Amino acid sequence: MITFVKVRYKNFLASGDAPIELELNRHASTLIVGKNGAGKSTMTEAICFALFGRALRNINKPALVNSINKRDTMVELWFTIDQTKYHICRGIKPNVFEIYVDGVVLPAPASLADYQTLLESTILKINYKSFMQIVVLGSASFVPFMRLSPAARREIIEDLLDIEIFSSMSGLAKEELSEVKATGDQLTVQRVMLDEQLRMADTFTTQLEGERDTKLATLHAAAAATQAQIDTLRAQQAGWTTDRDVYAEVPAQHRAASAKHAGYATTHRAIAAREKKLEKERVFYTTHDACPTCEQSITVTFKQARFLVLSDKEAAAQTALTQCQTLMDKYAGALAALQGSLDADEALQRQIALVSGQVPIHTRRLRELEEERQVTLAPPAPPVDVVSIRAQQQGVLEQHKVVSARRSVLDTAMALLKDSGIKARVIKHYLPIINKQINHYLTVMDFPIHFTLDEEFKETIQSRHRDDFSYESFSEGEKKRIDLALLLTWRAVARMKNSASCNVLVLDEVFDSSLDVNGTEEFLKIIHALEHANVFVISHKTDSLIDKFHHVITFEKQRGFSSIKV
Ligand SMILES: Nc1ncnc2c1ncn2[C@@H]1O[C@H](COP(=O)(O)OP(=O)(O)O)[C@@H](O)[C@H]1O
Ligand SMILES: [Mg+2]
């Protein structure tokens, strides 16, 4: 509970250089009186400004500075919360905003807005709207609860029931959910991309393997063809080598035949030479009748006998020549035949030599084909690092799992935190208590209507004689009683929840015009019955009230400045 202790202000609205100071927790009830414009409402404005940096009325900040002095506006507020003493100083021209905790200034964050948030959410635990509803009931620009929209009503009740935290949590959950969704979407995109990369790698590898198989088949066929070629060449070589066997004896035979032929030729020449000698002798005997040497005559008989001998010899030589010639012809024929065989053998040798030269070429080709096959046999390298992609894919899947789990937690949280979730349960729990309290205050104020707020924060008002009244159909005085019943109820709820509860209650000219004598009596009964409260009633109806309060303060305006009359 906040206990306001003291407020002091100068150069704030109608106040001047002389500070105005009011003790806020000394008297249970205080009557504040003074003429119109004397500066009575200014005290509430000062409390509000100290706490929230703004006035209750719709005045902008520069207009809060006293229009005569135009500077040095300073509002200070002292209060305690659970034994801790706080002191807030706020000034305009120059700007001041300081919070003291047990006499020590609280370090201000970089931004003033953060300092204000710190004050409202961690120290006061009350926001401006709720403050309006539980501290001040006034004529100025105060909007009664009944005139607020259901959303604004919800906000105030959530604050009083201390459940606006669920709205903040819902906001945070919503933000996180949208982040988580975005992350999830990103991960899905990543997954699709990685899948695609793997699929392409797979297609490419299959293609490479196909190409490799085709190449291996080609190499295999080429090797088989080359081997066949080598086999054919070797077979030819073997065949021709066998063929040559036939000619194995031919050179020797040729040499023998050649020798024979040469021998017969020699013999032939010798016989031919002898025949020439015989011919010469015949010519001699034919042309000579005497010996040219001894000159002895050659007889006819001798000649005849010699011619007979010569004829025999010539005939024998002729026969020998013919025989020789026949033999020579025979060997010449044989030699010619043998030469044919030699030529054939040589042709075979040439073919064998040719083939012998070709086999190594094909063998070398075979070796090259085998080398190429070994190289081709190695499995094709994938175009991308498939292992690393699989690892990435696994990582993404795991992240996705985490994100999905978080998402389902957040979905559940959102369901719990939305208006119809936990908050609805809490509100449902407190609504009967709230309604009972409102009706209690209405009864005490002698206004026997039945007032019910439902879960949508819409009211139903019933009376003994008529059903379904609307707030607007009541008289001003009756409306004021409803407003007061609600305000007192909020204070009771705040005290019960130990949330936005405080000692000060200001009723600013609330009952001056709209409460009759009876009403005033009832209302005074109530405020005097309030516990832990310091009630300030601002009124210009002094006469009838003055002796009913523990303390009276009179404001007056002197030389344009508001002050407290002593
Ligand atoms: N910035 C200002 N400088 C000086 N006087 C101001 C300023 N703003 C308002 N006032 C005056 O302050 C008075 C209002 O004080 P207020 O406390 O509301 O009076 P009341 O006693 O009727 O409640 C008016 O006379 C108004 O003209
Ligand atoms: Mg006033």
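Predicted model: local features only at pLDDT ≥ 70, side-chain atom pairs only at ≥ 80, totals over all residues.
Figure 1. As for bookkeeping, residues are numbered from 1 along each chain as its sequence is written, chains are lettered from A and ligands numbered from 1 in the order in which they are written, and side-chain values use heavy atoms, with hydrogens and water left out.

**Figure 2. Who sits around ligand 1.** The shell holds 16 residues, and Gly 37, Lys 40, Ser 41, Thr 42 and Ser 67 come nearest (a residue is near if one of its heavy atoms lies within 4 Å). Sorted by class, that shell has five nonpolar, seven polar and four charged residues; here Ala, Val, Leu, Ile, Met, Phe, Trp, Tyr, Cys and Pro count as nonpolar, Asp, Glu, Lys and Arg as charged, and the others, Gly among them, as polar.

**Figure 3. Polar contacts of ligand 1.** These are pairs of N or O atoms within 3.5 Å. A nitrogen atom of ligand 1 is 2.9 Å from a backbone N or O atom of Val 65, and a polar backbone atom of Ser 67 lies 2.8 Å from a ligand nitrogen atom. Lys 557 uses its side chain: an N or O atom there is 2.8 Å from an oxygen atom of ligand 1. On its own, ligand 1 has 580 Å² of accessible area, and the protein covers 74% of that (Shrake-Rupley method, 1.4 Å probe).

**Figure 4. The largest pocket.** Its volume is about 440 Å³, meaning the space filled by probe spheres set on grid points joined across faces, edges and corners. A pocket is an open set of points on a 1 Å grid over the protein atoms alone, where a 1.4 Å probe fits, with protein on both sides within 12 Å along at least five of seven lines; lining residues have an atom within 4 Å of a point. The lining counts 17 residues, with Asn 127, Asp 159, Glu 164, Ile 165 and Ser 168 nearest the centre. Helix 2 (112-124), helix 4 (150-160) and helix 5 (164-245) each give two or more residues to the lining (helices are DSSP runs of H or I, at least four residues; strands are runs of E, at least two). By class, this lining has two nonpolar, five polar and ten charged residues.

**Figure 5. The second largest pocket.** This one has a volume of about 270 Å³. Its lining has 14 residues, and Tyr 441, Ala 492, Ala 529, Leu 530 and Glu 531 are the closest to its centre. Helix 10 supplies the largest share, four residues. The lining has nine nonpolar, two polar and three charged residues.

Definitions and conventions: Polar contact = N/O pair within 3.5 Å; in protein donor to acceptor, adjacent residues only side chain to side chain.
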